[in-house]
Amino acid sequence: MPVVPPLFSDAESDHPAIAEWCSTILAGDTARLLLLGPHWSGKSHTAYAGLRRLLAAGYREENITVHQAHDLGRSYEPGMIENTTAVTVIDDLTLSVDLVREATAPLKPDAADVQAMMALEAGALADAVARLSLLPQRSWLLIASNIDCLAEAVGQETADRLVAVAEQAELAPRPRPTLRW
């Protein structure tokens with residue numbers, strides 16, 4: 001699978017945090033960025049624009065790993081992070097927390113086996129991010145809605161460490177598209 005999926009094949013961004021993240025990596029240094037913002041703020045688009053910028057400047061695709069948080073939680077093994085590439089992106093890190101917080105009606109509890117599976121996936125994701133945050137000489141970009149949801153998704157200690165070692169950029173909400181039936 002390509003680093004930049006077809007949906008984002010023409011992604012562009014002039015966000016200064018992305019420009020700085022890319023230029024730091026291209027200079028051979030370590031860059032860490034928390035890209036924050038609500039749904040529809042363009043976080044994924046902005047992140048993939050950064051990856052496109054790296055690739056256009058000659059950065060090799062095999063040095064970049066992109067994970068969707070939901071998939072990472074399902075297929076996680078500790079070696080995936082410890083043996084990761086020089087640049088790692090984890091998209092939708094707080095999605096499960098965001099969905100619960102944004103629910104407009106009371107949620108019906110899942111069956112016990114589903115709850116157990118979801119807890120294992122959440123624990124795997126938290127472990128992956130904790131390990132990534134401790135690796136020296138690794139650049140990363142983590143996409144989350146906000147610091148509170150990040151702490152809920154990965155634990156307060158890991159969230160505090162991420163905030164301490166990463167630059168932060170917050171995107172403003174954009175208007176949601178109008179659906180016409």
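Is Glu157 buried or exposed?

Modeller: Keep in mind that this is a predicted model. Glu157 has a relative accessibility of 63%. The cut-off for exposed is over 50%, so Glu157 counts as exposed.

Now its partner. Glu157 forms a salt bridge with Arg161, and the closest N and O atoms are 3.9 Å apart. Both residues lie in helix α8. They are four residues apart, about one turn of the helix.

Arg161 leads on to Ser133. Leaving aside residues up to four places away in sequence, Ser133 touches Arg161, and also Arg32, Trp140, Thr158 and Leu162. Ser133 sits in helix α6. Its relative accessibility is 5%. Buried means under 20%, so Ser133 counts as buried. The side chain of Ser133 also reaches the backbone oxygen of Ala130, at 2.7 Å.

Next, the nonpolar core. The largest one has 27 residues, and Ile90, Leu142 and Val154 touch the most other members. Six elements are listed as giving two or more residues to this core: β1 (32–36), α3 (69–75), α6 (112–134), β4 (139–144), α7 (147–154) and α8 (156–165). Helix α6 gives the largest share, six residues. In general, nonpolar side chains in soluble globular proteins tend to be buried together.

Not counting residues up to four places away in sequence, Ile90 touches His67, Ala69, Leu72, Leu125, Val129, Leu132, Leu141, Leu142 and Ile143. Apart from this core lies another, of 25 residues, among them Phe8, Ala11, Cys22 and Ile64.

Ile90 also brings in the sheet. His67 stands opposite Ile90 in β3. Strand β3 (residues 87–91) pairs with β2 in the parallel sense, over five bridges. The open sheet has five strands in the order β2-β3-β4-β1-β5, with parallel pairing. Its edge strands are β2 (64–68) and β5 (167–170), each pairing on one side only. From one strand to the next, the twist averages 15°.

Helix α2 (residues 43–56) lies across β1, β2, β3 and β4. It runs at about 165° to β2. Arg52 lies in this helix.

That returns us to charged pairs. The count comes to six salt bridges. In one of them, the side chains of Glu12 and Arg52 meet at 3.5 Å, N to O. Glu12 lies in the segment before α1 (16–26), so the pair ties together parts that are 40 residues apart in sequence. Glu12 is exposed, with a relative accessible area of 59%. Arg52 counts as partly exposed, at 26%.

Another pair is Glu62 with Arg60, where the closest N and O atoms are 2.2 Å apart. Glu62 counts as partly exposed at 46% relative accessibility. Arg60 counts as exposed at 52%.

Arg161 in turn is touched by Ser133, which is buried.

Methods. Residues are numbered from 1 along each chain as its sequence is written. This is a predicted model: local features need pLDDT of at least 70, side-chain atom pairs count only at pLDDT 80 or more; totals for chains, interfaces and linings use all residues. Side-chain values use heavy atoms; hydrogens and water are left out. A nonpolar core is a set of buried Ala, Val, Leu, Ile, Met, Phe, Trp, Tyr and Cys residues joined through side-chain atoms within 4.5 Å. Buried means under 20% relative accessible area, exposed over 50%, partly exposed in between (1.4 Å probe, protein chains only). Contact means heavy atoms within 4.5 Å. A polar contact is a pair of N or O atoms within 3.5 Å; within protein, one must be able to donate a hydrogen and the other to accept it, and residues adjacent in sequence count only if both atoms are side-chain atoms. Two strands pair if DSSP finds at least two bridges between them. Axes are lines fitted to C-alpha atoms, for helices over the stretch in contact, and angles run from 0 to 180 degrees between N-to-C directions. A salt bridge is a side-chain nitrogen of Lys or Arg within 4 Å of a carboxyl oxygen of Asp or Glu.
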